[in-house]
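Thanks for coming, everyone. Let me put the structure up, and then I'll walk you through how its pieces pack.

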Amino acid sequence: MSSDECSLWRDPLFSPGDGFPLGPPLEFWADCADPPSTIGVRPYSLHGVVPVPTGSYPDSVTYDYDADRQITTVRCTDGSSVTLAKHTKPGPTPASTSGYTDGDPKNPPPEEMGQPDYQAD
Amino acid sequence: MTVLILARDIEPQVDRVVEELTERGIPIFRTDLAAFPTSLILDARLGPSGWDGVLANPHRQLKLSDIRSVWYRHPSHFVFPDGLTRPERRHAAAEARCGLSGVLCSLDVLWVNFPSREADALKPRQLAVARRCGLRVPETAVTNCANGVRVFAAELGRPLATKNLSAAVIAEAGGLHTAYTRRLEQADLDDLCGVETTAHLFQRFIEPKAFEARVTVVGDRVFAAGIHAGSEAARLDFRSDYASLTYSVVTPPEQVTAGMRAFLRAFGLSFGCFDFAVTPDGEWIMFECNPFGQYGWLEDELGFPITSALVDLLADGVVSR
């Protein structure tokens with residue numbers, strides 16, 4: 001998804017209330033290029049936001065969804081492969097000091113995405 | 001009878017549940033809704049006793065009548081084929097929501113949690129329901145009026161905190177950003193520009209705190225973790241400094257446990273993660289309940305068998321009415 005296309009999606013924050021709430025496409029999170037608006041317009045609730053750390057997991061690992069076992073496996077650079085559950089501690093939230101702990105550093109864990117209610121524009 | 005899991009492909013907590021269900025020999029059909037419609041097929045018919053038919057992907061097929069329970073764990077949005085225009089994409093999304101959710105949500109099985117009930121659990125509503133259920137909550141204002149915030153602060157005569165009503169994470173400027181709970185000083189009250197842009201939540205800042213607690217409730221089972229902050233940042237918002245945290249098993253007072261159960265019943269939820277501040281004199285003050293909260297890290301830290309409790313719940317498939 002390009003940045004231009006990303007800006008067409010309705011809102012980077014999700015409003016709840018739909019009967020079948022859905023999260024955004026996974027790639028959505030990394031691709032929104034819109035800069036913050038000016039002070040005065042920008043919601044007060046977004047004052048003081050800080051970057052989510054990119055995480056302690058190396059980019060060199062590859063995540064594969066094993067459709068037979070219905071779990072994700074992680075392929076490391078040394079060729080070894082382990083299940084995501086063994087490789088990755090399920091994490092609570094983006095952490096500023098201990099690294100990102102929810103498997104894929106590009107995707108916040110559900111809890112931090114707020115009430116899922118994402119609708120494509 | 002099969003457990004249907006609607007979740008993203010990459011989520012270790014879901015993998016743990018899948019592995020334990022597999023060990024117990026319970027069939028699973030796991031899919032993300034991003035698979036619909038390109039690699040997930042719904043073919044349903046309305047029969048005398050409700051909807052039946054199949055849900056199928058290239059690897060397996062599930063008869064809707066074989067579903068014993070559904071774990072709804074924040075699946076991601078449908079992904080449509082390239083080439084659709086924006087209006088066509090909107091139309092397709094609306095049709096998919098109505099069709100897929102309409103069929104699945106009409107199945108008379110246990111949902112953990114039923115999607116619309118999860119969506120109903122908005123923070124302001126939670127606080128009102130929690131109070132009715134006998135839980136203590138902070139004095140709270142929701143407003144887009146800056147002067148209203150100042151009046152609220154003056155009435156309380158205590159420091160305020162502000163936190164987001166919905167998501168903690170925003171994607172902008174090419175990256176992810178997060179908003180932690182902020183304590184408002186006097187200077188903040190002098191300059192509240194941006195409050196008028198949308199709804200904002202302000203609460204009495206709870207101090208002193210002995211510790212915070214994250215209580216995970218799975219059906220009737222309660223797993224309560226004390227979260228002890230080891231830095232100033234973590235005392236404001238424990239999410240901001242995980243490295244400083246230590247954990248302990250704690251026991252909520254009986255009326256708090258009863259309140260949480262009543263809260264979940266009121267919303268029709270069978271799973272929820274409650275956040276509390278606990279004062280030095282033992283008062284438990286609830287901030288919120290996250291119906292799709294994270295729990296794996298507390299399972300690791302404290303040995304809580306939350307995955308097993310979830311698997312028990314999904315395997316039993318008993319709908320409480």
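So, Ala141(B) has Phe202(B) as its bridge partner over in β13(B). Those two sit in a run of 4 bridges that joins β8(B) to β13, residues 200–204 of chain B, and the two strands run antiparallel. When I say strands pair, I mean DSSP finds at least two bridges between them. And strands (E, at least two residues) and helices (H or I, at least four) are DSSP runs, numbered from the N terminus.

Before I go on, the bookkeeping. This is a predicted model, where local features need pLDDT of at least 70 and side-chain atom pairs count only at pLDDT 80 or more, while totals for chains, interfaces and linings use all residues. Residues are numbered from 1 along each chain as its sequence is written, chains are lettered from A and ligands numbered from 1 in the order in which they are written, and side-chain values use heavy atoms, with hydrogens and water left out.

Okay, zoom out from that pair. The two strands belong to an open sheet of 4 strands in chain B, ordered β8-β13-β9-β12, with antiparallel pairing. At its edges you have β8 (140–143) and β12 (182–184) of chain B, each pairing on one side only. From one strand to the next, the twist averages 30 degrees. Now look at what packs on that sheet: helix α4 of chain B, residues 123–132, touches β8, β9 (160–163) and β13 of chain B, and its direction makes about 35 degrees with that of β13(B). Touching, or contact, means heavy atoms within 4.5 Å. For angles, axes are lines fitted to C-alpha atoms, for helices over the stretch in contact, and the values run from 0 to 180 degrees between N-to-C directions.

What else does α4(B) pack with? With helix α8, residues 254–267 of chain B, at an angle of about 125 degrees and with the axes 9 Å apart. The crossing of α4(B) and α8(B) is right-handed, meaning the near helix is turned clockwise from the far one by less than a right angle, with anticlockwise being left-handed. On the α4(B) side you've got Arg125(B), Gln126(B), Val129(B) and Ala130(B), meeting Phe263(B), Ala266(B) and Phe267(B) from α8(B). By class, that contact has 5 nonpolar, 1 polar and 1 charged residues. Nonpolar here is Ala, Val, Leu, Ile, Met, Phe, Trp, Tyr, Cys and Pro, charged is Asp, Glu, Lys and Arg, and the others, Gly among them, are polar.

Next, the other sheet I want to show. This open one has 4 strands too, in the order β2-β1-β6-β7 of chain B, but with parallel pairing. β2 (28–31) and β7 (110–112) of chain B are the edge strands, pairing on one side only, and the twist averages 15 degrees from one strand to the next. Inside it, β6 (residues 67–73) and β7(B) share 3 bridges in the parallel sense, and Val70(B) stands opposite Trp111(B) in β7(B).

Helix α10(B) lies across β1 (2–7), β6 and β7 of chain B, running at about 140 degrees to β6(B). α10 (residues 306–316) also meets α1 (residues 12–23) of chain B: their axes come within 9 Å and cross at roughly 60 degrees. So α1(B) and α10(B) are oblique to each other, and their crossing is right-handed.

Last stop, where the chains meet. Strand β1 of chain A (residues 50–51) pairs with β11(B) in the antiparallel sense over 2 bridges, and Pro51(A) has His177(B) as its bridge partner. In the hairpin of β10(B) and β11(B), with 2 residues between the strands, Ala173(B) takes a positive phi near 50 degrees.

As for chain A, it comes to 2 helices and 4 strands, running α-β-β-β-β-α from the N terminus.

Technical notes:
Parallel < 35°, antiparallel > 145°, perpendicular 65-115°, else oblique.
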